[in-house]
Amino acid sequence: LQSQNLGTNWTTEFSTVTINSTTSPTGSSDGNTITETTSASNHDIYQTFNRPANTWTYSCYLKNGTRQYSTLTFSDTSGSNYVVANFDFDQQPNQVH
């Protein structure tokens with residue numbers, strides 16, 4: 001699983017990733033920017049990997065750029081077991097919906 005560098009082992013659908021294009025939570029200029037294309041479809045980046053059978057944890061940092069909303073979805077390979085978190089960057093403080 002590659003998490004910090006979205007240019008490695010991630011697949012994009014109707015979006016592009018620009019590496020080292022914004023400030024990360026550490027204050028370094030190694031954050032990545034995801035930009036949607038003009039397509040009227042879902043704009044995704046994803047990575048397929050084998051998760052361990054025991055308890056697992058995901059974390060990420062998102063910040064407002066050019067869009068108000070973002071959605072994170074974690075799913076198994078069948079797509080039938082998943083969890084979704086929706087973010088509205090105009091809410092203060094940012095809230096998960």
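In this predicted model, the side chains of Glu-36 and Arg-67 pair up in a salt bridge, with 2.7 Å from N to O (a salt bridge being a side-chain nitrogen of Lys or Arg within 4 Å of a carboxyl oxygen of Asp or Glu). The pair ties together distant parts of the chain, 31 residues apart: Glu-36 sits in strand E3, while Arg-67 lies in the loop between strand E4 (44-46) and strand E5 (69-75). Strands here (E, at least two residues) and helices (H or I, at least four) are DSSP runs, numbered from the N terminus. By the salt-bridge rule, the count comes to one. Side chains of opposite charge can pair when their charged atoms come close. Glu-36 counts as partly exposed because its relative accessibility is 34%, on a scale where buried means under 20% relative accessible area, exposed means over 50%, and partly exposed is in between (1.4 Å probe, protein chains only). Arg-67, at 47%, is partly exposed as well.

As for the overall layout, the chain has seven strands and zero helices, so reading along the sequence gives β-β-β-β-β-β-β. Of its 97 residues, 10% count as buried. Among contacts (heavy atoms within 4.5 Å) with a separation of 6 or more, 32% come from residues 24 or more positions apart. The chain exposes about 7500 Å², with carbon and sulfur atoms supplying 47% of that; the areas come from the Shrake-Rupley method with a 1.4 Å probe, and for residues only the protein chains shown count as cover.

Two buried residues come next. Ser-24 turns up in the loop between strand E2 (15-22) and strand E3 (31-36), and it counts as buried because its relative accessible area is 14%. Its side chain makes a polar contact with the side chain of Thr-26, at 2.8 Å (a pair of N or O atoms within 3.5 Å; within protein, one must be able to donate a hydrogen and the other to accept it, and residues adjacent in sequence count only if both atoms are side-chain atoms). Setting aside neighbours within four places in sequence, Ser-24 touches Asp-30 and Gly-31. Ala-85, in strand E6 (residues 82-88), is buried too, at 16% relative accessibility. The C-alpha atoms of Ala-85 and Thr-71 are 5.7 Å apart, though 14 residues separate the two along the chain.

How confident is the predictor? The chain averages a pLDDT of 81, and 89% of residues score at least 70; pLDDT is the predictor's confidence in each residue, from 0 to 100. Confidence is highest in E2, at 90, and lowest in strand E7 (residues 95-96), at a mean of 56. Where pLDDT is low, the predicted coordinates should not be read in detail.

Local features need pLDDT of at least 70 and side-chain atom pairs count only at pLDDT 80 or more, while totals for chains, interfaces and linings use all residues. Residues are numbered from 1 along each chain as its sequence is written, and side-chain values use heavy atoms, leaving out hydrogens and water.
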